[in-house]
Amino acid sequence: MLRFYGPALGIFLANPLMSNIDNAIIGRASGVAALAALSPGTVLSDQLLFLFSFLGRATTGMVSRANALGGIPKAREALRVPLAVAFAIGALLLVPTYLFLTPALLSLLQVSPALRLDAGIYAQIRGLAAPAALCQSVALSALLALRDAKTPLKVVLGAAALNFFADIFFCVWPFQFGVGGAAAATSASTLLGCAWMIKSLQGRGLIDNKRPGLLDYAPPFFSSQRRHQLFSQSHAVKKIRSELAPLVAYAGPLSAIVLARLAGFAAMSVTIASCGSVPLVAAYVLCLNIFFLFAFFAEPLSQTAQALVPPLLEATKKSDTAQEATRNLRKTLANLGILALTAGPLIAFACALVVRLGTPFASSDPQVLDLVFRSIPAVFLMCFQLTLTTSLDGAIVGARDFSWIIACGTCTAIAQLVALRALTLAGPAVDDPLVTPISLVFATFIIRLFVYFLASGSRVALGFGPLGRALRPQLYAARQLRRQNRKEQRRRRASSSYYRQENDLPPPATHYS
């Protein structure tokens, strides 16, 4: 598990680290104005892609489960749909959005008019590589589902190296294209990474060399064979629905999770902004940006759980391997818990240390630094709880317990929004010597994660849900037996009452005189 976690961690950290390198090179080579324009451009280019991050997580579960059921042929068929959908979304939805709606989106984000030109150029150039970015994410998840973390790590590091040298080539020497050069470097590295990933999948037999299937759901690019297959038959719509059904089963719940998280962070930012203090907002941004960087450390734990849990769950459904698979599943989750409990404090401590030592380089304002330093305990707890919750959430996603994820996640998100609304109305004091408004806002997120973790963990431990039934089959069997006994008792009472009514018999005596 550690051999899997290490490379997976490098994969998820490569992109944020390269974003920071981009910022450093642009800041040095092109000045403050270009660096300021890079921020909204990056937000626009990354956040639209983040809305479709469910494709990668869905691919991990689908390919891992299919590989357990039928090996590489089944895994290849499971991968074809999300890979084609990723290309279709990127080519038909995101590319036109970046090309034609970028000025309107920057205006909606209230970006300064002086920065909109450079920010728009950056977002539009990055948007041209959106199909490759989504396909690369799906391909990476497919390799992780097969427990191959080394190949994606090589690809990501190779693409990151190209991005670094291309940044120097386009932005420092011999060319000085500024923000546009940085966007071109990132897009080139994305295209290289996608092509490398596709080649690796072909080598593993997960993509057909003769018919990769990338264009299966992009109508303008349909081949004549695919067009005839879909549109010359009367049941074309039914066929498309049957192909997309496994992906939709993942997409809906995972999209709800993404939107709930975005709503929570947006409400946190609104609560901080409502305090009306510029130093408070600056301190909050510094803390949150560092937290987002270390949040990537928890994602490999989720991917590990999603890759390991589905095959074991499928094995528990077979009578000849059920007992051994149950033991292996318990051992896997125990190891995952130990890894999360070990990595959690280390990740949280590293995050708190970077907040303490790194923020003075970003700001010299004493009031900002004071607010940041007094919020360090909340940052530590938030990072630690996120690591634990993400690990358990990955196992539940791997078990496809989506109804619980949506119900519990929605309830905890609503509770956080209510708490944040109460904080906004109360107007916490910025100068409170004991608790900062940042700590209070972060506390709502910590409690939300803790409640989700406690409720989900208790549900699994008590034998409820797909994962709980596989871990505690005795509890599930006993519960089913009690339910059947109650049904039988109700049936007997109903039949006895019906017999007495039909034969006009007195009701049975309830006591003896």
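View 1. Among contacts in the protein (heavy atoms within 4.5 Å) between residues at least 6 apart in sequence, 79% join residues at least 24 apart. The model is predicted, with local features requiring pLDDT of at least 70 and side-chain atom pairs counted only at pLDDT 80 or more, while totals for chains, interfaces and linings use all residues. Residues are numbered from 1 along each chain as its sequence is written, and side-chain values use heavy atoms, with hydrogens and water left out. The protein holds 18 helices and zero strands, taken as DSSP runs (H or I of at least four residues for helices, E of at least two for strands) and numbered from the N terminus.

**View 2. The salt bridge between Arg261 and Asp393.** This is one of four salt bridges in the structure, each defined as a side-chain nitrogen of Lys or Arg within 4 Å of a carboxyl oxygen of Asp or Glu. The closest N and O atoms of Arg261 and Asp393 are 3.9 Å apart. Because Arg261 lies in helix α9 (residues 236-273) and Asp393 in helix α14 (residues 376-398), the pair ties together parts that are 132 residues apart in sequence. Asp393 is buried, at 4% relative accessible area, whereas Arg261 is partly exposed, at 34% (buried is under 20%, exposed over 50%, partly exposed in between, with a 1.4 Å probe and protein chains only).

**View 3. The salt bridge between Asp370 and Arg374.** The side chains of Asp370 and Arg374 meet at 3.1 Å, N to O, and the two residues, four apart in helix α13 (residues 366-374), are separated by about one helical turn. Asp370 is partly exposed, with a relative accessible area of 37%, and Arg374 is also partly exposed, at 24%.
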